[in-house]
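The sequence and structure come first.

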Amino acid sequence: MEPFVFQQTRRGAVLTKCTRDTAYLTVPSEWNGLPVCEIGSYAFSDLSALRRVALPESVDAIGNHTFYNCASLEQLILQRGLHSVGDGAFKNCRSLHQISVRGLTYLKSIVTDFCNEVTLTIQTEDNQTAVLLFPEYDYEFQEIIPPREFRSVTYGSGSYYRMCVARNGVDFAEYDRTFPRAVREDEPHTVRAIAFSRLLYPYQLRSAARDSYLSYLSDHIEEIVDEVVRLRSIPRLQLLLDHRLLPRDTVESAVAAASEHDFAEGVSLLMDYRLTQFGQARRRFVL
């Protein structure tokens, strides 16, 4: 039985309700020969088991509170056709950390709906990939006496990163200029993820911003290499090696750590780097 309820309109079919609370759902591009053009308000709301949803390119609008209270929703895949997102579409989706979109428009409604950490993967119009991490943040209202007024106070850089997104796209230069605030206010693992994402997917990355990210990685290379080895991340390790950020002593300890974690490919890369940069490995003599 089909898990979706549709309604025919002049523009096509509107998905008005999902009747099956399951982990993975793919919305079809057609219904009764009509293009599925819209996801209606509250269509997926309160589905506790839903973890991932893929929408077709035919969908150009998401209604108000469409995914409201989908507490387990982790990943959302949106296509290039989307150009309208309603209010509170992703409200209370506290597990949503991965969003993939095609195109740069109407991202503001997507990233500003919640304050948890979100990684946004963007496929641009010229078929390039940008990956942006938006850190989580918290806020509270404080009363000022006198006068009797209230002001909102935020904690973490996440709200500032979200200000870099407008309805017509992302200000990548402003996003990169926010990095020093992340260094001051966010957890180190979040700061590292921001730097790696921009360096590995350098869409509209200016040289000054690139140097800033590389400088941060270089200044914290010991703990960064330790994390990269624990995660067994080949792309991150290769980036560090390509930019020659590892001093000799760090390479020696990284080889040992990679061996302990059964990270064979990492050991191979590190040993090749050691040979290229420093020649033969140091001989150790035990008397």
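## Tyr42 and the basis of the model

Tyr42 has a relative accessible area of 42%, so it is partly exposed; here buried means under 20% relative accessible area, exposed over 50%, and partly exposed in between, with a 1.4 Å probe and protein chains only. The residue lies in the loop between β5 (34-39) and β6 (52-54). Most residues other than glycine have a negative phi.

The model is predicted: local features need pLDDT of at least 70, side-chain atom pairs count only at pLDDT 80 or more, and totals for chains, interfaces and linings use all residues. Residues are numbered from 1 along each chain as its sequence is written, and side-chain values use heavy atoms, with hydrogens and water left out.

## Chain overview

The chain holds 10 helices and 16 strands. These elements are DSSP runs numbered from the N terminus, with helices being H or I of at least four residues and strands E of at least two. Of the 287 residues, 45% count as buried.

Contact means heavy atoms within 4.5 Å. Among contacts between residues at least 6 apart in sequence, 44% join residues at least 24 apart.

## Aromatic pairs

How many aromatic pairs does a search of the whole structure find? The search gives 11. Rings of Phe, Tyr and Trp (its six-membered ring) pair if their centres lie within 6.5 Å; planes under 30 degrees apart count as stacked, over 60 as edge-to-face and the rest as tilted. Phe6 and Trp31 have ring centres 5.5 Å apart and planes at 25°, so this pair is stacked. It links distant parts of the chain, with Phe6 in strand β1 (residues 4-8) and Trp31 in strand β4 (residues 30-31), 25 residues apart. Both Phe6 and Trp31 are buried.

Phe172 and Tyr203 have ring centres 5.1 Å apart and planes at 70°, so that pair is edge-to-face. This pair also links distant parts of the chain: Phe172 is in helix α3 (residues 172-177) and Tyr203 in the loop between α5 (188-200) and α6 (207-219), 31 residues apart. Phe172 has 2% relative accessibility and therefore counts as buried. Tyr203, at 10% relative accessibility, counts as buried. Ring pairs also link Phe4, Phe6, Trp31, Phe44, Phe67 and Phe90 into a cluster.

## Packing of α7 and α9

The axes of helix α7 (residues 221-231) and helix α9 (residues 248-260) come within 10 Å and cross at roughly 20°. Axes are lines fitted to C-alpha atoms, for helices over the stretch in contact, and angles run from 0 to 180 degrees between N-to-C directions. The angle makes α7 roughly parallel to α9; angles under 35 degrees count as roughly parallel, over 145 as roughly antiparallel, 65 to 115 as roughly perpendicular and the rest as oblique.

The crossing of α7 and α9 is right-handed. A crossing is right-handed if the near helix is turned clockwise from the far one by less than a right angle, and left-handed if anticlockwise. On the α7 side, Ile221, Glu222, Val225 and Val229 meet Thr250, Ser253, Ala254, Ala257 and Ala258 of α9. By class, this contact of α7 with α9 has 6 nonpolar, 2 polar and 1 charged residues. Ala, Val, Leu, Ile, Met, Phe, Trp, Tyr, Cys and Pro count as nonpolar, Asp, Glu, Lys and Arg as charged, and the others, Gly among them, as polar.

## Packing of α9 and α10

α9 and α10 pack at an angle of about 160°, with their axes 9 Å apart. The two helices are therefore roughly antiparallel to each other, and their crossing is left-handed. Residues of α9 in the contact include Arg248, Val251 and Glu252, and those of α10 include Leu270, Met271 and Phe278. By class, the contact of α9 with α10 has 9 nonpolar, 2 polar and 3 charged residues.

Asp262 is found in the loop between α9 and α10 (264-278). Asp262 has a positive phi of about 55° although it is not a glycine. At 61% relative accessibility, this residue counts as exposed.

## Two further loop residues

Asn168 sits in the loop between β15 (165-166) and β16 (169-170) and, at 65% relative accessibility, counts as exposed. The C-alpha atoms of Asn168 and Leu107 are separated by 7.8 Å, and the two residues are 61 apart along the chain.

Arg94 is in the loop between β9 (84-85) and β10 (98-102). With a relative accessible area of 58%, Arg94 is exposed. Its C-alpha atom is separated by 8.2 Å from that of Cys115, 21 residues apart along the chain.
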